[in-house]
Amino acid sequence: MQPNVWCLACCSRLASTRPPDPVMPSIFTRILAGQVSGQFVFRDDLWAALLDIRPVSPGHALLIPLYETQYLADLPAPTLAALGDRLARLVRAVKTASNADAVNVVINDGPAAGQEVPHAHLHAFARFPEDGKRMAWPATPYAGGDLNIWADRLRAAWR
Ligand code: 5GP
């Protein structure tokens with residue numbers, strides 16, 4: 001799949017094999033381009049972090065690649081390679097600023113997973129004991145040989 005590629009300075013399309021897409025540039029690309037205001041925590045040539053306007057808890061930050069593509073796995077290799085460092089530093093900043101011992105890091109990778117903005121990003125927000133914000137997804141143990149079957153499936157899909 002050929003992702004759309006945007007120049008953040010001029011916000012014009014540089015390369016795409018797709019027809020014009022009305023949802024691009026995303027709100028995040030427009031914030032990164034300075035066309036919409038945003039409260040930045042940091043920014044470098046690959047990633048930026050800014051405050052979410054609807055925080056789960058105060059200081060809720062979004063880690064956003066400058067490269068615009070919807071899915072995490074479609075990001076360029078250098079962007080992905082830098083992710084661990086930027087995420088660890090953002091988690092540390094959220095903890096320090098919030099005086100919190102715990103942080104949730106969440107990525108909604110696709111609309112069915114709750115992704116509203118079609119520009120890959122990670123959420124980091126502080127958690128406190130008994131704050132009532134537990135993500136309570138229903139979970140059930142595997143039945144029969146399903147654990148092995150699913151392990152085989154994922155190993156086969158690994159690349
Ligand atoms: P998603 O559901 O796509 O994982 O999360 C998108 C997040 O972007 C939401 O938490 C939402 O509050 C945030 N958001 C949407 N529009 C804006 C905006 O214009 N500015 C900022 N800072 N955050 C936004």
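A nonpolar core here means a set of buried Ala, Val, Leu, Ile, Met, Phe, Trp, Tyr and Cys residues joined through C-beta atoms within 7 Å; buried means that 20 or more other C-beta atoms, placed from the backbone, lie within 10 Å of a residue's own. Before you click around, note that this is a predicted model, where local features need pLDDT of at least 70, side-chain atom pairs count only at pLDDT 80 or more, and totals for chains, interfaces and linings use all residues. Numbering starts from 1 along each chain as its sequence is written.

Start with the core. The largest one has 18 residues, and A49, L50, A61, L63, I64, V94 and A124 touch the most other members. Next, pick A124: beyond its neighbours within four places in sequence, its contacts (C-beta atoms within 7 Å) are A61, L63, L90, V91, V94, V103 and V105.

Now show the strands (DSSP E runs of at least two residues, numbered from the N terminus). Five of them make an open antiparallel sheet, ordered β3-β4-β5-β7-β6, where pairing takes at least two DSSP bridges.

Select N104 and you'll see its bridge partner in β7, F125.

Notes. Helices (H or I, at least four residues) and strands (E, at least two) are DSSP runs, numbered from the N terminus. A residue is buried if 20 or more other C-beta atoms lie within 10 Å of its own, exposed if 12 or fewer, and partly exposed in between; C-beta atoms are placed from the backbone. Two residues are in contact if their C-beta atoms, placed from the backbone, lie within 7 Å.
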